[in-house]
Amino acid sequence: MAEEATTLSELEVLVELQELDTRLSQLAHRAATLPEREQLALVHEQDSKLEDELNQLASELTALRQSQSDREAEIQNLEDKVARATSSLYGGEMTSPKEATVLQSEIDSLSGRQSLLEDQIIEIMEEIEPFAKEESRIEAERSEFQLQIADLQERISNQVTEIESEQESVMEEKRDTEDRAGSRLSGLYIENRKRMGDHTAIGRLVGTSCGACFLEIAAVEIDRIRRLPSDEPSECPECGALLVR
Ligand SMILES: [Zn+2]
């Protein structure tokens, strides 16, 4: 392997592993921070404000409609009474004019109450009108939001699917690279990554400085490192990254 006509170090595979892991974290970050997620949260927030307003309106409307229908029921009741009194008055069973006067005055009083209720109903209906208009306006706005929510969810889910398939292929590439690295180098990489974090476990030796911490390495150390077998990684004396040379 060391005799092959390649200028790449056998340790190069460690850089590849780190790059693949970096791609995996970038993909995970991209999936978690899709701009549509923020937009979706915003639309949900606006929609839930409208929902509160709508509930408020609904309870006012329910009260108004209830008071309208109470009056309508009372009017129905009054009309029945007027009908009964009228039929007594003109039904031919009347004997005394005094009784007729009592009945007539009852009819007048019932009709007076009825016309009062009818006026009140008109007032209530006038009160209902702006609330009902506002209710339809909010309902229309909410259905617009529902469309936006569905659209955003679909866009998120499409992008997540795309990202997941990209993750799959990077994972596959990583398995191949690990096979190529062999268990010893893979193991070293995993250990160092655990210890040092995502992007600084492996450093390329650039001239005499470490590619992970960018610090200059003492000449005597460089000398020692260069004398190691080509597949033998060494740690940066400054930051502990595995140096690829
Ligand atoms: Zn370093």
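Modeller: We begin with a definition: a helix axis is a line fitted to C-alpha atoms over the stretch in contact, and the angle between two axes, from 0 to 180 degrees, is taken between N-to-C directions. Please bear in mind that this model is predicted.

Biologist: What describes two packed helices?

Modeller: Two packed helices are described by the angle between their axes and the distance between the axes. Here, the axes of α1 and α3 cross at roughly 145° and come within 8 Å. The crossing in which α1 passes α3 is left-handed. The contact of α1 with α3 has 14 nonpolar, 4 polar and 11 charged residues.

Biologist: At roughly what angle do the axes of α2 and α3 cross?

Modeller: Helix α2, residues 35-90, and α3 have axes that cross at roughly 160° and come within 6 Å. Angles over 145 degrees count as roughly antiparallel, so α2 is roughly antiparallel to α3. The crossing of α2 past α3 is again left-handed. In the contact of α2 with α3 there are 30 nonpolar, 15 polar and 21 charged residues.

Biologist: I turn to the strands. In which order do the 4 strands form the sheet?

Modeller: The order is β2-β1-β4-β3, in an open sheet with mixed pairing. Its edge strands, β2 (209-210) and β3 (234-235), each pair on one side only.

Biologist: In what sense do β1 and β2 pair?

Modeller: Strand β1, residues 202-206, pairs with β2 in the antiparallel sense over 2 bridges. As an example, Leu205 has Cys210 in β2 as its bridge partner.

Biologist: Which strands does helix α1 lie across, and which does helix α3 lie across?

Modeller: Helix α1, residues 12-32, lies across β1 and β4 (242-244), and runs at about 130° to β1. Helix α3, residues 97-196, lies across β1, β3 and β4, and runs at about 125° to β4.

Biologist: How should I read a salt bridge?

Modeller: Side chains of opposite charge can pair when their charged atoms come close. The cut-off applied to a side-chain nitrogen of Lys or Arg and a carboxyl oxygen of Asp or Glu is within 4 Å. By this rule the model has 19 salt bridges. One of the pairs is Glu12 with Arg204, whose closest N and O atoms are 2.7 Å apart. This pair links distant parts of the chain, since Glu12 lies in helix α1 and Arg204 in strand β1, 192 residues apart.

Notes:
Residues are numbered from 1 along each chain as its sequence is written. This is a predicted model: local features need pLDDT of at least 70, side-chain atom pairs count only at pLDDT 80 or more; totals for chains, interfaces and linings use all residues. Side-chain values use heavy atoms; hydrogens and water are left out. Two strands pair if DSSP finds at least two bridges between them. Contact means heavy atoms within 4.5 Å. Angles under 35 degrees count as roughly parallel, over 145 as roughly antiparallel, 65 to 115 as roughly perpendicular and the rest as oblique. A crossing is left-handed if the near helix is turned anticlockwise from the far one by less than a right angle, and right-handed if clockwise. Ala, Val, Leu, Ile, Met, Phe, Trp, Tyr, Cys and Pro count as nonpolar, Asp, Glu, Lys and Arg as charged, and the others, Gly among them, as polar.
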